[in-house]
There are 2 protein chains.
Amino acid sequence: MSGVTIYQVAREAGVSPSTVSNFLNGRPGRMLPQTRTRVADAIDRLGYRPNRAARQLRTGQIQVVGLIVPSVANPFWGNFARYLERAALADGYHVLLCNSEREPDRERRYLEELWADGIRGVVLCSSLPSLDHVLPLVSAGLSLVAFDRTAQAGDPGSLVNISVDNVVGAHLATAHLLELGHRRIAFVSGSLRSVNRRERFRGFTDALEQAGMDPTEAIVWSGGAEQEPYGDLDAAGLGRAAAHELLHSDKPPTAIVAINDMCALGISAGIRDAGLRVGQDVSVVGFDDIVLADLAAPPLTTVRQPIGDMAAVSFRHLRSRIDETDTGPSQSLLLRPELVVRASTGPAPDPRE
Amino acid sequence: MSGVTIYQVAREAGVSPSTVSNFLNGRPGRMLPQTRTRVADAIDRLGYRPNRAARQLRTGQIQVVGLIVPSVANPFWGNFARYLERAALADGYHVLLCNSEREPDRERRYLEELWADGIRGVVLCSSLPSLDHVLPLVSAGLSLVAFDRTAQAGDPGSLVNISVDNVVGAHLATAHLLELGHRRIAFVSGSLRSVNRRERFRGFTDALEQAGMDPTEAIVWSGGAEQEPYGDLDAAGLGRAAAHELLHSDKPPTAIVAINDMCALGISAGIRDAGLRVGQDVSVVGFDDIVLADLAAPPLTTVRQPIGDMAAVSFRHLRSRIDETDTGPSQSLLLRPELVVRASTGPAPDPRE
DNA sequence: TAGCCTTGCTGCATCGTTCCACCGGTAAAT
DNA sequence: ATTTACCGGTGGAACGATGCAGCAAGGCTA
């Protein structure tokens, strides 16, 4: 224990504990300036720090939010966690970290634990289409911000969804390739079950359609669904396998849109395996703009998720829900992605060569 | 609030709150079997969950440990965080996440906050040679496990250090290259100020010496010290720059030992930039074995840190310090690294070619 | 049968903070 | 002259769980 209590401060300052409490809790106007300085001095002198447990017991408030991510070992989530923690810290909040491994049951158990800990706000990063498993907690009063996910039918009544605009993002990526003259473009991902992957695919087909192409004839590679539903951890391995397969087909694509950067890096490796040059023989676009995208050889053209902003927005919304300054109905917030052109994309190779 | 208190459970079961408390706190033998089941049933029926704040206020105990890492955006730390959280969860503990960005001042502030939150155990991931900035907290009673760091003179009295054996690790890497016939081997890192980097360098020179070579003639590239003391974030960019420089020197190395995997990946990119083949023209060894090492093209030979074990061991030691089952003096624990041979290393090229 | 132990349970003070109710005193409003 | 309002504070009851001291009731010894 820090040891020093509000009583000791009160005695040191020659006032009552209530006055010290008033001083600490935004009512410093309730006392004479001299009293105020006496209290402030006493706090300094004794090195007093309020006991959070006692405060929480009394008020029911706690300055901690929960963060549930699939796995913080994934650089994308690690990065998000870092920015969320930064935003929280700026408001004096701490972040409790939970890794769900995308298992609904673990998500639910975590939420229950957090609730029992007195935590009233959680950022849930789960692309699961259904949130049925967390409904009871939400109706009990838990504030939830769902990240990387847009609203779905059957969602709880008061949910904030925050996500990048996946349709726009994939559209940007695809349009970029079309502009470079590519016509045989492939879309590569793992299973398409999760919400955001479905959206990215739609952005892809929309762009093709706008260019007057038939999206039903698009090359779509979507494997690995059986072993690992969301193709999360081995996205890169998946991409590599996809590249091998696609490049050895009759009419190989000249450009590939990947579901995310890890996948794109795998695809790049696969292209090299086939003796081709990334960005010259075959162009590749990723999604996310993880740190590695810029470090790869060649650096990866990708769709940047404004992850810092998204984390800050997530925290801000969560806080206003917790503080009940915002009690509105469910809403979705889509942040605008940005195309970052690097060297993994280039003009379509001349077919006459 | 979960709402239901120990009093309601007591009334429901027809006993006193004390009995419910006894039931919950490992003294179920102090009552008749029938009483026990009545209490258990009441808890079930009401869905009672103990209020942690109240419990913490009363006992001073809290089932949360702190984790301070340089940045969870770095895959290595993200991975460690994941495993630490797993170990903690198995014991019913939660993990509070803090990103220090390697700033001593932030480390200190975090520790003070955690202390005020009632947290009595923290895993501190800091390679800073001096821990002076956290001494006051430790002597106040905070249990500290220092990760990725070995004991130094001037450390606080009761500190557990957990780290991989860096000397052995770098020795393994270097010996592997020597066995492959390489003689011109370079060591590449950012600043050498941090503890583990110094150790890895020693492992490198030791291995050269054992092979009958003069370590003072070894090729050492250690740049970027001015701009960014620990070369953490742009380790890859650093590696790339190093590769460019080294490969254009009079007598370029045929093999390179990198301070870590990110750096090694950068070096690989630099080798390709120079029109050479990684693993054939120039061999590269990394350190850490991050997920990406296996996904790179070519896959990276590296020294694996048993990160899962290290996280589990860290938590176990931390807990026994918190519980005061282990109050021994300061100690260091070195886990054994393992060489993982992949395709980024190969026989030294024939000098006659 | 008095004295003492054991068993199974309860009463109550306590952890540190908050915040509502209230106090005496003075000044302004009615 | 009485009411009302405010000022600068204080008192004390919570918040929910814990664990010590203690208390009946029954059993044991002598």
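**Close-up views of chain A, a predicted model**

**View 1. Helix H1 meets helix H3 in chain A.** Gln8(A), Val9(A), Glu12(A) and Ala13(A) of H1(A) contact Arg38(A), Val39(A), Ala42(A), Ile43(A), Arg45(A) and Leu46(A) of H3(A) (contact: heavy atoms within 4.5 Å). These residues split into six nonpolar, one polar and three charged (nonpolar: Ala, Val, Leu, Ile, Met, Phe, Trp, Tyr, Cys and Pro; charged: Asp, Glu, Lys and Arg; polar: the others, Gly among them). The axes of H1 (residues 6–13) and H3 (residues 33–46) of chain A come within 9 Å and cross at roughly 125°. Axes are lines fitted to C-alpha atoms, for helices over the stretch in contact; angles run from 0 to 180 degrees between N-to-C directions. H1(A) and H3(A) are therefore oblique to each other (under 35 degrees is roughly parallel, over 145 roughly antiparallel, 65 to 115 roughly perpendicular, the rest oblique).

**View 2. Six strands of chain A form an open, mixed sheet.** The order is E7-E6-E8-E9-E10-E12 (strands pair if DSSP finds at least two bridges between them). E7 (219–222) and E12 (338–340) of chain A are the edges, each with a single partner strand, so one side of each lacks a neighbour in the sheet. Twist averages 20° from one strand to the next.

**View 3. E10(A) and E12(A) run antiparallel.** Three bridges join them. Val303(A) stands opposite Leu339(A) in E12(A).

**Notes.** Residues are numbered from 1 along each chain as its sequence is written, chains are lettered from A and ligands numbered from 1 in the order written, and side-chain values use heavy atoms, without hydrogens and water.

Note on methods:
Predicted model: local features only at pLDDT ≥ 70, side-chain atom pairs only at ≥ 80, totals over all residues. Helix = DSSP H or I, 4+ residues; strand = E, 2+ residues; numbered from the N terminus.
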